[in-house]
Amino acid sequence: MTKTLVVLAALSGLTMSTALAQAQAPQSPAPANPPAAAASKAGSSQIVNAQSKDEWLASKLKGTTVVGSDDQKIGSIADILFDKTGQVKAFIVGVGGVLGLGAREVAIDMTQFHEMPAANGGPEQLKLGMTKDQLAQADEFKPLPNPPTTTGAAPSGSRPAGSPPAAPPR
């Protein structure tokens, strides 16, 4: 799993560095009528056609079972924390609760996880060198609050959505 995560992080960084290099590189004029083969290859370094065996999709990683050093289920991956360069910083694990309700979220550096084949042909799991009790003692992850959806007060004379128009003056 560590190898998988390192490859995922490396690919994320490579994608970002490619994009930044293209944004900063001077543009050379394109030929008036480029050959068809060159046109199809132009963006090929930016396109990934398939997932390899040692790569994970974030959509599949979320919900993955996390087991502790005692091989007991701790929780599951609730989210993934990236930095601005596209590097994975941490996996956010939902710990405790019942059916996900009341679970605490703890962010753990991705290097602490190890891929573990699942028993009985089930999905793969991630193993952590901590126990559920240790994570229950850890500080809860605090994401930034969502930005407000409005830019300020409503203009004078406006009415809330769905409210009836004011009666005309008599």
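Predicted model: local features only at pLDDT ≥ 70, side-chain atom pairs only at ≥ 80, totals over all residues.

Colleague: What pattern does the chain follow along the sequence?

Modeller: The chain has four helices and six strands, and their order is α-α-α-β-β-β-β-β-β-α.

Colleague: How many aromatic pairs does a search of the whole structure find?

Modeller: The search finds one aromatic pair.

Colleague: Why is the pair of phenylalanine 91 and phenylalanine 113 called edge-to-face?

Modeller: A pair of aromatic rings is described by the distance of the centres and the angle of the planes. Ring centres must lie within 6.5 Å to pair, and those of phenylalanine 91 and phenylalanine 113 are 5.1 Å apart. Planes over 60 degrees apart count as edge-to-face; the planes here stand at 65°, so the pair is edge-to-face.

Colleague: What makes this a link between distant parts of the chain?

Modeller: Phenylalanine 91 belongs to strand E3 (residues 88-95), whereas phenylalanine 113 belongs to strand E5 (residues 113-116). The two residues are 22 residues apart.

Colleague: How do you know whether phenylalanine 91 is buried or exposed?

Modeller: Buried means under 20% relative accessible area. Phenylalanine 91 has 0% relative accessibility, and therefore counts as buried.

Colleague: Why does phenylalanine 113 count as buried?

Modeller: Its relative accessibility is 0%, and the cut-off is under 20%; phenylalanine 113 therefore counts as buried.

Colleague: What part of the chain do buried residues make up?

Modeller: They make up 20% of the 170 residues in the chain. The accessible surface of the chain comes to about 12500 Å², and 58% of that surface belongs to carbon and sulfur atoms.

Conventions
Residues numbered from 1 in each chain as written. Heavy atoms only, no water. Phe/Tyr/Trp six-rings, centres within 6.5 Å; stacked < 30°, edge-to-face > 60°. Buried < 20%, exposed > 50% of the residue type's maximum accessible area, 1.4 Å probe, protein only. Areas by Shrake-Rupley, 256 points an atom, 1.4 Å probe, with all protein chains shown as cover.
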